[in-house]
Amino acid sequence: MQNQRPDRIRKLLADLVAFDTVSDRSNLPLIDYIERYLASLGVGSQRIVDETGQKSSLWVTIGPEDKAGLVLSGHTDVVPVVGQDWSHNPFELVERDGRLYGRGTTDMKGFVAVCLAMVPEMLAADLKTPINLAISYDEEIGCVGVRPMLREVARKPIKPLGCFVGEPTQMQVIIGHKGKHGVRATFRGLARHSSIAPDGVNAIEYAADLITEIRRRAALLAADAEQVSLYDVPHSTLLTSIVHGGAALNIVPDHCAVEFECRGIGITESREVTDAIIAWAKAEIEPAMRKRHPECGIDFEEILDYPALDTAADAAIVTLAKQFAGRNDHAKVAFGTEASLFVSMADVPSVVVGPGSIAQAHTPDEFVEMSQLEACGAFVARLIAHCAK
């Protein structure tokens, strides 16, 4: 069965890549496919469908259902390919020189394919400790789809022992990542002909005050960098990322939208930083706008929110992950994952470990090396052996 593993992985990855699961589309055809595959092996699954009925997660238990198990977690959605220069159809798997090309091969259908390919070996092992597969949607737009599933997990009478989230880490064990809080500030000004500009309220200029303050606070965060850190960027980061405003050169702009984010090292630091900025803007900018005209002001809207991950290096789940990965190092990363939500929403200890490099994620001609998928297969095989004891 082990000799057939690479071919099973290739076949499953080719099938998964062929589904266009960009986040603005339904993932149900892919979920149907996974359910049929599992059913062919005699394995059932639980759907957790979103309120639109067009998206679904899957929760799968292999082994005894009355015992606490270990979770392998991955998402099914991918980022768009529009505007990217691909050398082939991004939704068709192409293998060349040991690399498997296609949208989502690294982020993160490769990991999902490995997990599914290992199901026959899980079934053959007579597991004493169950293995759960947690397959989610809409991770790329804010870890949306995993949340309803985790609410279900949190209600279960038996809580999982731990979770391995298979985002691309080149199979290095990741014990921490930054959290993120994203905010949209919409400035409501007063339009006037630019020849009488003083009679208007310039939304863009007031937005510029906010942007300047964000930049000032970002510099303060950078100055507070940790002297010894596992992070490549050893401090929380803050930036303005999108600005839209104005209608014409000769009109005082009455609208400007500013989107900004904080990626915080502390568990709740991201929100604390952005909340402080919102409070400052309401105290310093908005009164000045309303003084000019009472209907002017700023509307704030949360775009995205997930906490940081900070798993202790000596935690049992870290020891297991290193044992299964066959390596003893660990690290922290700046990008976010669903792992922190497994901890915060369901109290499930979690780490991140998966095949491929984050440098390939979201890029044209995205690829994962077959050797990485095989290393991931070996990780899961050691997990199976552990759960069969």
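This is a predicted model: local features need pLDDT of at least 70, side-chain atom pairs count only at pLDDT 80 or more; totals for chains, interfaces and linings use all residues.

Colleague: What radius of gyration does the protein have, next to that of a compact globule?
Modeller: The C-alpha atoms fill a box of roughly 80 × 45 × 40 Å along the principal axes. For 389 residues, a compact globule would have a radius of gyration near 21 Å. The protein agrees with that, at 23 Å.

Colleague: Which strands are the edges of the four-stranded open sheet?
Modeller: The order in this sheet is β10-β11-β9-β12, with antiparallel pairing. Neighbouring strands are turned by 15 degrees against each other on average, direction ignored. An edge strand pairs on one side only, and here those are β10 (237-245) and β12 (297-306).

Colleague: And which residue in β11 is the bridge partner of T186?
Modeller: Strand β9 (residues 179-188) runs antiparallel to strand β11 (residues 255-264), and 10 bridges join them. In β11, the partner of T186 is A257.

Colleague: Now the three-stranded sheet: which residue of β16 stands opposite R99?
Modeller: This open sheet has the order β4-β5-β16 and antiparallel pairing. Its edge strands are β4 (94-96) and β16 (367-369), and the twist averages 25 degrees from one strand to the next. Strand β5 (residues 99-101) pairs with β16 over three bridges.

Colleague: Is α9 perpendicular or oblique to α11?
Modeller: Helix α9 (residues 316-325) and helix α11 (residues 370-388) have axes 8 Å apart and pack at an angle of about 120 degrees. Roughly perpendicular would need 65 to 115 degrees. With its angle of about 120 degrees, α9 is therefore oblique to α11.

Colleague: Which classes of residue make the contact of α9 with α11, and how many of each?
Modeller: α9 passes α11 in a right-handed crossing. From α9 come L320, A321, Q323, F324 and A325, and from α11 come A378, F379, R382, L383 and H386. By class, that gives one charged, two polar and seven nonpolar residues.

Methods
Residues are numbered from 1 along each chain as its sequence is written. Side-chain values use heavy atoms; hydrogens and water are left out. Axes are lines fitted to C-alpha atoms, for helices over the stretch in contact, and angles run from 0 to 180 degrees between N-to-C directions. Helices (H or I, at least four residues) and strands (E, at least two) are DSSP runs, numbered from the N terminus. Angles under 35 degrees count as roughly parallel, over 145 as roughly antiparallel, 65 to 115 as roughly perpendicular and the rest as oblique. A crossing is left-handed if the near helix is turned anticlockwise from the far one by less than a right angle, and right-handed if clockwise. Contact means heavy atoms within 4.5 Å. Ala, Val, Leu, Ile, Met, Phe, Trp, Tyr, Cys and Pro count as nonpolar, Asp, Glu, Lys and Arg as charged, and the others, Gly among them, as polar. Two strands pair if DSSP finds at least two bridges between them. The radius of gyration is taken over C-alpha atoms; the globule rule is 2.2 Å times the number of residues to the power 0.38.
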